[in-house]
Amino acid sequence: MNNSGIKSNVKRLVISSLITFILTVPFHYFFQIISVTELRPASALPPALGLVFGPWGAAGAALGNLASDLIAGYPPEIYIVSFIAQFLYGYIPYKLWYTWNIGEDNSLPRLNTVKNLTKFVIIIFITSSIMAGLLGFLMDGLGLYNLVSFTTLIFAFNNFDFSIILGTLIIIGANLYGISMYKPSKTKKILIPPNIFDGMLITAAIIGIIYGIYSVVTATDTWGMTIGIIFYLLIAAYVFKPITKEVKEKTAEIKISLTEKLIVIFIIIGTIIAILTGIRSFFTVSAIGNGFWESVYLNITLILSVFYISSIGFLWYIEKNITTPIESISDIAKNYVSDSKIADSSQIISKFEHYATDESEVGILALSFEKMTRDLEIYIKNLEKVTAEKERINTELNVAKKIQADMLPRKFPAFPGQDEFDIYATNIPAKEVGGDFYDFFLIDENHLAIVIADVSGKGVPAALFMVIAKTLIKTQAQLGKNPEEVFATVNNQLCEGNDENMFVTAWMGILEIETGKFTYVNAGHNLPLLKHANKDYNWLKSKPGFVLAGMENIKYYQEEITLEQGDRIYLYTDGVTEAINCDDELFGDLRLLKIMNTKKDSSLKELLFYVQDKINIFVRDREQFDDITMLIMEYKK
């Protein structure tokens, strides 16, 4: 045993001694039955402290009683015998608790089941009877009173009544408040088979009955004393019975079961009934002397016996048919999902079937849980299928996103070695794939085309329509057509088979690199921003045509300007100006214009990233609901 264990045991010894001493001393002066002993509630302490603190609690109770006997001035033969008796009175319940196993694992004393409560009551009954008999046997030997007498009966009642009333409360309190109990170790080497000790106890019981009958019909003699000594030697030998089962550790957190709560309620009710019965008997019993206390304790004992027998029967029924099934159903349901894992439904259902019946409310509850589990199993299987399908779709969308991204030119500088112009562009879809797109390409060595467009809707449909529109625009432009011809042709092509009535807003410009001539056309798209060298950005006015794919045979009108060295054109989709913040405010055209002019002389890449940062700051935590696409070109020739 380490130093920590020794300190804990010494602490248990000291606490038990002090409690026993404090509760014993006052009763030396009250309720004396004979000159060397008295009635007292402290009779509940040795068995209760023995169960809670083990041998150290029993020894502490014996030491506390010894100190009180010394103060009371009892003779040595009394306090020495009393010390031994008090120690056995505390040690025997401790030993019986851990060696009397009813087909279950050993556990620390706790009245959380009817079986444990019954075990406690039987242990207290056995111990009270043995100790009252031992005290009577010793007093008979000293000539103070006969073994078979009202005095012995009173002491038996006193021990039993107070141990039941106070002992149960002490054990329940120790568990509820997490008091550290003494945990005995399993006997490593068993020299004598446990059955031998059980035989001793049974033999002692038979001898005790014979001895009691013998004491009734004859006066105390040598034979009677011999039988009594054999009886108590067998009892003393039983305390050496080895502990054959490992004692369960008490969990850090005590979970109070429904059964335990009911037991506590019934124990408190029993305590109140016993106290009221004692008070009533004290004032109503007319007998005097020993007969008075015999009548008082007899009334209390009878009431307690009837109450506990009926309570145990009632609690056993409640535990079997209500509390245990409810707690089991609760545990089954709780363990169905643990550590984010779903247990085997067939096993869970089989457990519910054990309690499921139409004959009781608990059975109906189990049936409901069983049905819920079956329904949940079907739901989970369907959910797994849906999830798998969703994952497959997400995988395909990710592939589509990459394909779509690869369709947009993302290599910058776009045309290495080309000094006449510079381009930069960004695209951020609102979903996995989007309907916005930009494009730039050389039609020939002297003509550069730039395009930005926004397909109606979002997601996969918009993305597919975007691919078609982008391909058609580039194809028509590379045939050498001017912007208005490109849009007129593409518009008619997109209208064919457009049953979903999708459309595209688009803006396209073709730069004649050698001269700076810039021809452009607008199909219902946002106005671009134009910045001349050393000046601010302003809107590039243009006549807005009808959207692409909106109606066949629409005529589009192109316009043209001449770009000078350092001039810039900024194109964007409505995802920029229609970005919304948490207050439902739009980013707006004016804010965009102001931001563009704030960093007007920055590089193309820095400028687009600056605008995107300002959009992010503006919307904050609001989810992006539209694609954001920007393209900027600078003419350098």
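F415 is partly exposed, because its relative accessibility is 21%. Here buried means under 20% relative accessible area, exposed means over 50%, and partly exposed lies in between (1.4 Å probe, protein chains only). F421 is buried, with a relative accessible area of 5%.

The model is predicted: local features need pLDDT of at least 70, side-chain atom pairs count only at pLDDT 80 or more, and totals for chains, interfaces and linings use all residues. Residues are numbered from 1 along each chain as its sequence is written, and side-chain values use heavy atoms, with hydrogens and water left out.

**Aromatic pairs**

The whole structure holds 20 aromatic pairs. Rings of Phe, Tyr and Trp (its six-membered ring) pair if their centres lie within 6.5 Å; planes under 30 degrees apart count as stacked, over 60 as edge-to-face and the rest as tilted. Two of the pairs are set out below.

| Pair | Centre distance | Plane angle | Geometry |
|---|---|---|---|
| F415 and F421 | 5.6 Å | 75° | edge-to-face |
| F487 and Y556 | 6.0 Å | 85° | edge-to-face |

The pair of F487 and Y556 links distant parts of the chain, 69 residues apart. F487 sits in helix α13 (residues 483-495). Y556 sits in the loop between β11 (537-539) and β12 (559-562). Helices (H or I, at least four residues) and strands (E, at least two) are DSSP runs, numbered from the N terminus. F487 is buried, at 0% relative accessible area. Y556 is buried too, at 2%.

F415 and F421 also belong to an aromatic cluster.

**Helices α2 and α3**

How do the axes of α2 and α3 cross? Helix α2 covers residues 45-72 and helix α3 covers residues 76-99. Their axes come within 8 Å and cross at roughly 175°. Axes are lines fitted to C-alpha atoms, for helices over the stretch in contact, and angles run from 0 to 180 degrees between N-to-C directions. The two helices are therefore roughly antiparallel. Angles under 35 degrees count as roughly parallel, over 145 as roughly antiparallel, 65 to 115 as roughly perpendicular and the rest as oblique. The contact of α2 with α3 has 19 nonpolar, six polar and one charged residues. Ala, Val, Leu, Ile, Met, Phe, Trp, Tyr, Cys and Pro count as nonpolar, Asp, Glu, Lys and Arg as charged, and the others, Gly among them, as polar.

S68 lies in helix α2. S68 is buried, with 0% relative accessible area.

**Helices α15 and α16**

Helix α15 (residues 589-598) and helix α16 (residues 604-619) have axes that come within 10 Å and cross at roughly 135°. That makes α15 oblique to α16. R591, L592, I595, M596 and T598 of α15 meet L607, Y610, V611, K614 and F618 of α16. Contact means heavy atoms within 4.5 Å. By class, this contact has seven nonpolar, one polar and two charged residues.

Which residues of α15 are buried? They are L592, L593, I595, M596 and N597. Their cover includes β10 (529-531), β11, β13 (568-572), α14 and α16.

D584 is in the loop between α14 (574-577) and α15. D584 is exposed, at 56% relative accessibility. D584 and V619 are 35 residues apart in sequence, and their C-alpha atoms are 9.1 Å apart in space.
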